[in-house]
Amino acid sequence: MSTEVSSNASGRPGPVAAPKSSVPEKMSRESVTIIATLLVATFVVILNETIMNVALQRLMVDLGVDAPTVQWLSTGFMLTMAVVIPTTGFILQSLSTRAVFMLAMGLFAGGTALAAVAPGFEILLLARIVQAGGTAIMLPLLMTTILTLVPLAKRGAVMGNVSIAISVAPAMGPTVSGLILEHFTWRFMFVFVLPVALAALAIGAKYLTNVGETEKTKLDFLSVLLTVPAFGGLVYGLSQIGGGQSGPSAVAIAALVIGVASLTVFVLRQLRLQKAEAPLLDLRAFNFRMFTVSVLLMVVAMMALFGGVILLPLYLQEIRGLGSLETGLALLPGGLAMGLLGPFIGRLFDKVGPRPLTVTGSVLMVLALWQFSTLDAGTPVWWIVTLHVGLSFGLALLFTPAFTTGLNPLPPHLYSHGSAIMSTTQQVAGAAGTALLVSIFAVVSAASGLVAGMSAAFLTATVIALAAVVLSAMMRKTEGAAPGHGAH
């Protein structure tokens, strides 16, 4: 299936082969099949992102490695995501939808199979890096395909379904791995995922057709090389700062300095390449005000979400003494609530626009995080579960409107770049949120005890979340850009 737009990757009007918009008025059965296939595949790859967290303790014993070493199974995954995602704008424009899907799911399935049979830590880490390469490509592919195929009036509802993959999958990860580890070895975390990944690959191979047009774009190798120290340095530096009990290490600070310097060079390089119409990541998406506001809102929400995802299990296990399975089950209702509300919030967004939803969501997020800062060793678990459901509801009211409002005004040639920018900033914001809140927790806990540390970390998250209230009030409904339109 091909669009009528002949985009030239520029901010100026491009040649249009047909006068009608590139986005159809109605979704065909073929379009529904394509999006459903991509949704299932995205759910599987994102589930895999958090499935390891509960298993790290078991892996330390089975593989004979220490805590800093085993942590690389999560850090290495995050680093690979951070480095690969900025290149997805180029990948999506250069290859057909089908080729990109086969590449993403092929990498993911191959990495999963390798992980299941890994004889030792080094091969398991390599398998996780291969998996992460596939995961990084999947979400921008899904977003770009939705923008190309779904009519403007239905985008909120479809993006609501995307939130099932984005929020239920990571929430279910710890519960699924807790259940598996209760009865099987850690290898079965990959053995159970592999058939689903292979089935998604087979369905995609049979039914997936090409969406949009590919372009002959030159790959700027210097930009690709810069993504490694820029995004990799930032994510690694932030994750290591968060892990240090005795303050940030020299290595973490050096990684951050290199990351910031490389990111500056990367941005300047992209601005220069835009003049020659060949950027790796087209930053002209930021010329659209609602895209910029939405990206900032997503950054704040992701910092709060990732911080909560790390801190709550710490609280439940360290202070309340719950086991890994009990912790997973306690956090499951919130994750399910967030995902199941997604489609409903999406339809509501199509009717009322973003502001009523994002303002309500950000206020809910602030209240829930503030209440988390008052938890102590005797707080009933049912109240913690209730607060987590409240936080998840608030985040659900933010994510779908932010994604849709941010990406709607972009012209077709910026779809893949806008999706890549959003996904990259989410990774960096998640790492930053985790680093900041875990550092505060560690420092205050060492001085005043675990409960005080938890309270200080959640209070910090509450203050960060206040920025979301301001950004939410700036949201307004956006119309889709006509093909080839420049920035507003």
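Predicted model: local features only at pLDDT ≥ 70, side-chain atom pairs only at ≥ 80, totals over all residues.
Local features need pLDDT of at least 70 and side-chain atom pairs count only at pLDDT 80 or more, while totals for chains, interfaces and linings use all residues. Residues are numbered from 1 along each chain as its sequence is written, and side-chain values use heavy atoms, with hydrogens and water left out.

On the surface, V363, L367, W370 and L459 make up a nonpolar patch with about 360 Å² of accessible area together. Areas come from the Shrake-Rupley method with a 1.4 Å probe. Helix α15 (residues 355-372) gives the largest share of the patch, three residues; helices are DSSP runs (H or I, at least four residues). L367 sits in helix α15 and is partly exposed, at 45% relative accessible area (between the 20% limit for buried and the 50% limit for exposed).

The second largest pocket has a volume of about 340 Å³. Of its 19 lining residues, F231, L263, F286, I421 and T425 are the closest to its centre; lining residues have an atom within 4 Å of a point on a 1 Å grid, and a pocket is an open set of points where a 1.4 Å probe fits, with protein on both sides within 12 Å along at least five of seven lines. Helices α11, α12, α13 and α17 each supply at least two residues of this lining.

G106 lies in helix α6 (residues 97-116). G106 and L201 are 95 residues apart in sequence and 7.2 Å apart in space, C-alpha to C-alpha.

Definitions and conventions. Patch = residues over 30% accessible without salt bridge, like charges linked within 9 Å, V, L, I, M, F, W, Y side chains within 5 Å. Salt bridge = Lys/Arg side-chain N within 4 Å of Asp/Glu carboxyl O. Buried < 20%, exposed > 50% of the residue type's maximum accessible area, 1.4 Å probe, protein only. Points joined across faces, edges and corners; volume = space filled by probe spheres on them.
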